[in-house]
Amino acid sequence: MKKRLLPTWRTAASYWLCWLVALLPLSVAAAEDTTWQPLQVERLPDLNTPRMGHTVFCAGGEVVVAGGHTSGFVPTQTAEYYRDGAWHQLQMVYPHDQGGTAVMPSGQVLLFGGHEQALGIGQTFTLEIYDPATHSFKGYGCLERKRCFANALPLDSGRIAISGNWFQDDCIELFDGSRQCQLVKPAAQHRHQPHIIRTAQDNAIIFSPEDIHADAFDTIIVDRLKGEPFTVPLFQTWRPISLLSGTHGACFIGNEAKGDYTSLIQVVRGDSLMAIATVTGEDFSLLPTTLPIPMRSPWSDICWYAPIVADSSRGRAYIVGYGENYPTDQGDHRFYVCAIDYQQRPAPITLFYSEPTDSAGRYYPVLTADGDLMVAGGILHQNNNYEAAATAFLLRVASPAALQHESHAWVWQLVALYAAALLIAVAAIAFAIRYLLRRRKQAPTTPENEAAEETPLKDAELMQRIHQLMVEQRLYLNSELKLADVARLLNTNSAYVSSCINSQRGCSFTQFVNAYRIEHAQEMFRQEPEKKVYEVWPASGFSTETSFFRTFKTVTGMTPSEWKQQKID
């Protein structure tokens, strides 16, 4: 039999290897295609008030735009939240034009500072708090220093670090829930719109490439919230970009529970090079990527103006940009999005472009509860604060098409190689099965053969054990639960548990566990209807408010508030 099968095997291997050689040029040809992918953009209803210099955040599962100034460079004490396809206007206590914001662990939002008068004049001491549960603002207290063009960052303790100013001295202060913020220390450099990044439990660093007059520092000094200032070798050749005021830690990709404090920032070298840097603790290094970040599209130069927005549930981070000549009537009215899959090394880069979008404002994006990006309001023309935008756009980066696009040469080459390897493997398996079947016909059945063919535990029985484990030990309340943890408790392997859940429940392990978490959240709402959403999601095993809202709506078809109103009220 060997003499008859071996030539056949060699012939098959030679045949499939020829296919492998033929597929490689195709992979190279595919790599020569454009790296840009179309981006789905949805124009939402316009804001009730055109605005610029406002803050944008997601709280209670809703995007909120607050304060700023409207057309004519006049401060506006209004805010709006987006729900059910419409913007709903609210009254604020202060306008916080070019002020700062921070989403607190409670789910409430701190807003502070901003210009004192119209035309961007002066600074303020003002503090107020927004409650997403009641859609209300209330004046709360006072900053230690009058400021605008400031930024803030919530720490592990719940306190909020605040720094940055404009044409006035800067300092570092803390909001701890009291009516008066506390001075921590003077700033080593007086900065505007600084980066504030967590580096350890209840510690952070503060830095900026520009001073309070928007002049570039010759040497960038990094302040520690706790500790002495220091310099970063990377900043000798690469410089961080200037942030817009109002940003608050959207670049964080670490895991506090595991002691991982990692963030992403954009760095530039000259006017023609941009890269991504990782900040892990106080260690700065460039993130290797499969492609350089382009500074030009097929239509225009690109201004990657917005800070990095990370979606930790997907392991992706985004930068949004516009055409460099966007503010002119003949300019490039497109959105550009650079998506970075930061968990891989090198990190794959996927580039998206929109069709021209007239009247779009230039402003920083916010991650919605569904994982898309929203840009609302902003500046219409470069260096013109007298004409604010009222438009709002949803950039569909979480759509299946956006998540599945991979346009890089190395991806296509790997696909071709894997396809060829798969064909070879299929041929090998087919010939092996043919050989074994022939051998089996010739071999008598023995008790030893029968013992060797014992099947693993039936899927239905294993599924019952998995369900029993979930109910009795409530494993789903652990936000760090992994497939391997369940497999270890059942004395089996992860692949078998995953396959069982897929065949018995028709879903992935994550979807399976999240179903228990949503049931737990619903039961909490039933038993204690007075509980706030921000109290329920962490107690139900979710690691972020965004993943809770997204999962709740996927499972029930409603937001938590809608579900409570229909099922409980």
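Is Q193 buried or exposed? With a relative accessible area of 8%, Q193 is buried (under 20% relative accessible area; exposed is over 50% and partly exposed in between, with a 1.4 Å probe and protein chains only). This is a predicted model, where local features need pLDDT of at least 70, side-chain atom pairs count only at pLDDT 80 or more, and totals for chains, interfaces and linings use all residues. Residues are numbered from 1 along each chain as its sequence is written, and side-chain values use heavy atoms, with hydrogens and water left out.

Back to Q193, which sits in the loop between β16 (182-186) and β17 (195-200); strands here are DSSP runs of E with at least two residues, helices are runs of H or I with at least four, and both are numbered from the N terminus. Though not a glycine, Q193 has a positive phi, near 45 degrees. L119 has a positive phi too, about 70 degrees, and is no glycine either. L119 belongs to the loop between β10 (109-112) and β11 (124-131) and, at 43% relative accessibility, is partly exposed. Together with I121 and Y386, L119 makes up a nonpolar surface patch with about 290 Å² of accessible area. Patch members have over 30% relative accessible area and no salt bridge, with nonpolar side chains (Val, Leu, Ile, Met, Phe, Trp, Tyr) joined within 5 Å and like charges within 9 Å. A salt bridge puts a side-chain nitrogen of Lys or Arg within 4 Å of a carboxyl oxygen of Asp or Glu, and areas come from the Shrake-Rupley method with a 1.4 Å probe, only the protein chains shown counting as cover for residues.

Helix α8 (residues 509-527) has 19 residues and spans 28 Å from first C-alpha to last, close to the expected 27 Å, which is 1.5 Å times one less than the number of residues. Its buried residues include F509, Y516 and F525. Among the elements covering the buried residues of α8 are α5 (459-473) and α10 (545-556), where contact means heavy atoms within 4.5 Å.
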